[in-house]
Every structure is written in structure tokens, then in C-alpha cells.
Amino acid sequence: MNTIKTGLICFLRGAWIAGTLPILITSLPSSRLNSFHALLLGFAKRGKIMPSSSHKFTVPQSFFLHFYLLAVVWTTILLMGTWYFACNVAPLRAESLSYPAAASHLTGGSHVFSLHKSRFTSAEDRFNVWKSVFLLLLMEVHVLKRLYETFCVFNYSSSARMHILGYLTGLYFYIAAPLSLCTFCVVEAVNFAADQVAEFNVEGQDVMSITNFDLRGYVKPMTRLGWCQWAGASIFAWGWLHQYRCHAILVGFSSVLNLFLSN
């Protein structure tokens with residue numbers, strides 16, 4: 001398991017470095033990098049900054065929708081799996097035990113919880129698991145907002161295009177970004193979910209453990225996060241609202257400009 005987690009972390013770090021390094025290189029004030037800057041800008045062009053005659057290796061700009069559909073599905077899966085894992089395996093108080101875990105003890109399935117819980121014995125490890133849940137929750141809010149804007153705010157022109165490499169980069173970003181937020185425990189969360197499914201198939205599960213949902217038990221640990229996490233969430237909320245206002249203003253300007261040009 002440690003080998004898989006190490007490999008995943010190294011892959012993500014290498015991919016982020018590979019994606020960020022070209023941007024840093026083009027920001028250097030050197031005339032020798034002009035050709036490289038032009039090449040990178042060509043990959044990033046889309047919409048009105050892309051010549052209408054240049055349709056080679058491009059896709060419609062409306063394909064932005066694919067980013068956010070993928071992001072919502074992927075982030076939701078990671079969030080639900082990590083949140084369930086955190087509640088059952090990494091309670092912020094050592095003596096606490098969520099309802100599903102207690103039900104598992106009563107029905108004889110406590111060995112699954114004990115096996116996974118033994119890997120998160122320290123308070124710091126459990127806290128880091130809940131930080132992953134918190135970050136994924138913020139990511140979920142962000143991608144849902146972007147999906148809403150795509151449907152209700154933006155109006156992509158049928159002639160607007162973007163480079164295929166930009167499209168592939170966007171797909172990678174919305175797969176890697178949520179995954180990077182939970183690398184601390186994502187491998188354990190996946191194994192835990194697989195063990196739960198296997199135990200359900202082999203031994204069955206008490207109906208009460210399925211039909212009862214302790215919402216308070218899932219939400220209360222969030223209140224025990226530190227001030228740094230909530231300060232970061234406040235900054236995120238401000239940026240979220242500011243970005244939405246900017247997008248609404250840009251859409252308004254575009255509508256006025258199109259009306260002016262049509263007249």
C-alpha cells in the first residue's frame with residue numbers, strides 16, 4: 001500500500017511540476033524565450049484570441065462543459081469515499097465511534113474497522129484525514145459553481161474553438177486537482193471501501209446500519225478543524241464570489257458588444 005501511495009504522490013508531483021515549469025520559463029524576461037512563449041500561447045489560445053481560420057487540432061470551446069461534468073462526478077466520488085472513511089476510521093476524538101462502526105461491532109464486522117483504524121492512531125493523522133475531507137468539500141463547491149456558470153452564465157459561440165492540448169490539460173487538471181487534495185488517505189479510503197463491499201457481499205449487513213444515517217456524526221468533526229482551515233475557507237469564499245461577479249460582468253460586456261456590432 002505504501003508503495004502505491006508513494007508512486008501516486010510522485011506521479012502527481014511530477015505532473016504538476018511538468019505543467020507549471022513551462023509557465024515559469026515563459027515568465028522569464030529573456031528575448032531568447034520568445035519562440036517558446038509564442039508556442040505555449042498558441043496552445044493556450046481559445047475563443048476570441050484564436051484566429052477563426054485556425055481550426056487544426058482544435059475542439060469547440062463549449063467542451064469546457066466536459067471539464068466540469070468530469071470534475072463534479074470525480075470530486076463527488078472522492079469526497080463521499082473519503083468522508084465515509086474519515087467518520088469510521090479517523091474520528092477526531094479517539095473515544096468517538098460513528099454509528100456505522102458501532103453497528104459493525106455489534107454484527108461482528110469490527111475487524112475491518114480495527115485493521116484500517118490501526119493505521120491512523122495519532123491525532124495528527126486523523127486531523128489530516130479530515131483536512132482532506134474539508135478540502136474536497138471546498139473543491140466540490142467550486143466545480144458545482146463552474147458547472148452552473150457553464151449552463152447559466154456563459155454562452156459559448158458555435159465558432160469559438162480551443163486547442164486540443166488545452167482541452168486535454170483541462171481534463172487532466174480536474175482529475176489531478178481533487179486527487180491531490182486527498183493523497184494522504186485516498187489509497188486507504190479505496191481499500192476500506194473495497195473491504196466494506198466484500199464484507200457486505202460475504203456476510204451481509206444489518207439493515208439498521210444501512211437505513212440509519214447519523215448526519216450529526218458526519219458534520220460535527222468539521223467544527224473541530226483549526227482556525228487556519230476556516231480562514232482559508234473564508235478566503236476561498238471571497239474569491240469564489242469575486243470570480244462569479246467578474247464572470248457575470250464579462251458576460252454582460254460581451255452581450256453589449258455583440259448587440260453593438262449587430263447594429
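User: Which helix holds both Glu149 and Arg146, and how many residues apart are they?

Analyst: In this predicted model, Glu149 and Arg146 form a salt bridge, with their closest N and O atoms 2.9 Å apart. The two residues are separated by about one turn of the helix, which is three residues, and the helix that holds both is α6.

User: Why are Glu149 and Lys145 separated by about one helical turn?

Analyst: Both residues belong to helix α6. Their separation is about one helical turn because, along that helix, Glu149 and Lys145 are four residues apart.

User: Is Lys145 buried or exposed?

Analyst: A residue counts as buried when its relative accessible area is under 20%. The relative accessible area of Lys145 is 4%, so Lys145 is buried.

User: What is the relative accessibility of Glu149?

Analyst: Glu149 and Arg146 are both buried. For Glu149 the class follows from its value, because the limit for buried is under 20%. The relative accessibility of Glu149 is 0%.

User: How many residues apart are Lys5 and Glu188?

Analyst: Lys5 and Glu188 form a salt bridge whose closest N and O atoms are 2.8 Å apart. This pair links distant parts of the chain, with Lys5 in helix α1 and Glu188 in helix α8, and the separation is 183 residues.

User: Are Lys5 and Glu188 buried or exposed?

Analyst: Side chains of opposite charge can pair when their charged atoms come close. Lys5 and Glu188 make such a pair, a salt bridge. As for their class, both Lys5 and Glu188 are buried.

User: Which residues does Ser132 touch, not counting those up to four places away in sequence?

Analyst: Ser132 lies in helix α6, which covers residues 123-152. With a relative accessible area of 4%, Ser132 is buried. Beyond the residues up to four places away in sequence, Ser132 touches Thr82, Leu181, Cys182, Phe184 and Cys185.

User: What distance separates the C-alpha atoms of Gly166 and Arg46?

Analyst: Gly166 sits in helix α7, residues 164-180. Along the chain, Gly166 and Arg46 are 120 residues apart, while their C-alpha atoms are separated by 8.6 Å.

User: Which residues is Gly166 in contact with, leaving aside neighbours within four places in sequence?

Analyst: Gly166 counts as partly exposed because its relative accessibility is 27%, and that class lies between 20% and 50%. Once its neighbours within four places are left aside, the contacts of Gly166 are Phe43 and Phe67.

User: Which residues make the nonpolar surface patch of about 300 Å²?

Analyst: One of its residues is Leu21, which is found in helix α1. Leu21 has a relative accessible area of 44%, so Leu21 is partly exposed. The patch is made by Ile17, Leu21 and Leu24.

User: What share of the residues of the chain count as buried?

Analyst: The chain comes to eleven helices and two strands. Its accessible surface is about 15800 Å², and 68% of that belongs to carbon and sulfur atoms. Of the 263 residues of the chain, the share that counts as buried is 33%.

Methods. Residues numbered from 1 in each chain as written. Predicted model: local features only at pLDDT ≥ 70, side-chain atom pairs only at ≥ 80, totals over all residues. Heavy atoms only, no water. Buried < 20%, exposed > 50% of the residue type's maximum accessible area, 1.4 Å probe, protein only. Contact = heavy atoms within 4.5 Å. Patch = residues over 30% accessible without salt bridge, like charges linked within 9 Å, V, L, I, M, F, W, Y side chains within 5 Å. Areas by Shrake-Rupley, 256 points an atom, 1.4 Å probe, with all protein chains shown as cover. Salt bridge = Lys/Arg side-chain N within 4 Å of Asp/Glu carboxyl O.
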